[in-house]
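Trainee: Please bring up the structure. I would like to go through it one question at a time.

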Amino acid sequence: YNALYYILVPIMMVALSLAAAGGAGLLVMLVVRVFPARRVAEVLGFMTAIISIVCSQTGNLMNANGDNVSISSEQVNSALGLITRFNTPWFPLNWPGRGLVALGENAWLPGIGLTLLSLALAAGLFWISLQTAERWYYTGWASVQVIVHKKRPAAVSQQAAEPARLAGLRPLVQRLLTAPVFAIIWKDFLVMRRDLRHLSQLITPLIFGVIYGFMFLSSGGQVPEGQGEAPEWFMESFRTLLVYGNVVISLFVGWMLIQRLGGMGFSAEGKNYWMLKAAPISSRQALTAKFLVAYLPTLLLTALFLVVFSLIQKIAWSNTLYSLFVLAWCLSGMNGIQLAFGVAGANFTWEDPRRMNAGGMGCLGSLLTALYIPFDLAFFFLPPFLAEIFHFPSLYGYLVGVVLGIGFSLLCTLLPPRLAAKRVERL
């Protein structure tokens, strides 16, 4: 290409950047007039985090399965051919590139025409954006939307003021939960739903779970053949354990969720913890509320995850129900451990939710819960495995596993929070 091409390329890039900045500025002014600016920033941060996680894990997945995938040159050419279809002369975004290439190849008439037209359009868009933004700003039209709370009518009864979706559940909830516990749970759920910076940290475990779940499915979930010399009872027992492989993946998702919800349950209050401290709430009520705030959404999401993958694998409903039973109790014990260590390392001085951690105590709690999972699963699944080996009725093995597993899960559910109760009073 001739020298004029290299001179005009940076000029064209600057002009296009200014035009894009002008259009983006007008778009921001339009959006924040309708939605609160902080909420828009949270949505953008949330989408950026999700896209980056999906891209990085997709790359890892492709690298892991790279040996099983062969891409031919014909496929590459076909994919590039789809891209070239967008290089049409009537599309304005193609004019800068086509004009610069024509100038580089000494095609002066189309080159000069398309280049000047592109520069004129970019300058015109930037000038219009600047003038429009200035007019909107000085006339007061581009005002920033703020969150406004509507005043509740004074004549509304307490029954009508409650959310409609809670009207039927209210009597049951009152019998199961005290008013302070329910108030803390409802407050925390509102915070998680409204603040996307918190919500984005809860989506990450689900993405990892889906990725590893599909990796497990891609392996076929079959027992490796080996040399074919293993006894039949061993192979049959191993097949039984593989049926419950979804429990391990679901617990991995639950472990990451409980680290955030249970381990940082008290730290999530931040500088607003003084409101709970000043309220007439006992340490037992606070611990119960934080336990349920972490346990209920984790159980719901992981159970949904387990059921979906069980349906994909066509696992029998009896095995799926037992898996859900094991999952519920394992999550309970895990949550009790994380909650206690979260209390021990509570941090109320954070400004950014990403810095909301319990320090060394939180790290120790994560390690202990990672060790707790295989022990608890062994209590549930080892007795059926041994019953299969020694030819005992499988029902006896499952009954022994249920008793041992529930006992160990209850111990980890109740003992750590009970030991942390005195610490809550001194926070």
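This is a predicted model: local features need pLDDT of at least 70, side-chain atom pairs count only at pLDDT 80 or more; totals for chains, interfaces and linings use all residues.

Trainee: Is T132 buried, partly exposed or exposed?

Mentor: Buried means under 20% relative accessible area and exposed over 50%, with partly exposed in between (1.4 Å probe, protein chains only). T132 has 22% relative accessibility, so the class is partly exposed.

Trainee: How far apart in space are T132 and G22?

Mentor: In sequence, T132 and G22 are 110 residues apart. From C-alpha to C-alpha, the distance between T132 and G22 is 9.7 Å.

Trainee: Which elements give two or more residues to the nonpolar patch?

Mentor: L4, I7, I11, W108, I112 and L116 form this surface patch, with about 570 Å² of accessible area together. A patch takes residues with over 30% relative accessible area and no salt bridge, and joins nonpolar side chains (Val, Leu, Ile, Met, Phe, Trp, Tyr) within 5 Å and like charges within 9 Å. W108, for one, is partly exposed at 42% relative accessibility. The elements giving two or more residues are α1 (3-34) and α5 (108-139).

Trainee: Which residues are linked in a network of salt bridges?

Mentor: A salt bridge is a side-chain nitrogen of Lys or Arg within 4 Å of a carboxyl oxygen of Asp or Glu, and the whole structure has four. D188 pairs with K187 at 2.7 Å, and K290 pairs with D188 at 2.7 Å. E269 and K290 meet at 2.5 Å, N to O. The network therefore links K187, D188, E269 and K290.

Trainee: How many residues apart in sequence are the parts tied together by K290 and D188?

Mentor: K290 is buried at 2% relative accessible area, and D188 is buried at 10%. K290 lies in helix α13 and D188 in helix α8 (residues 179-194), so the parts tied together are apart in sequence by 102 residues.

Trainee: Which side chain of opposite charge is nearest to D376?

Mentor: D376, in helix α15 (residues 359-389), is buried yet has no salt bridge. The D376 side chain does make a polar contact with that of Y372 at 2.7 Å; such a contact is a pair of N or O atoms within 3.5 Å, one able to donate a hydrogen and the other to accept it, and residues adjacent in sequence count only if both atoms are side-chain atoms. For charge, Lys and Arg count as positive and Asp and Glu as negative, while His and the chain ends are not counted. The nearest side chain of opposite charge, 20 Å away, is R418.

Terms used:
Residues are numbered from 1 along each chain as its sequence is written. Side-chain values use heavy atoms; hydrogens and water are left out. Accessible areas come from the Shrake-Rupley method with a 1.4 Å probe; for residues, only the protein chains shown count as cover. Helices (H or I, at least four residues) and strands (E, at least two) are DSSP runs, numbered from the N terminus.
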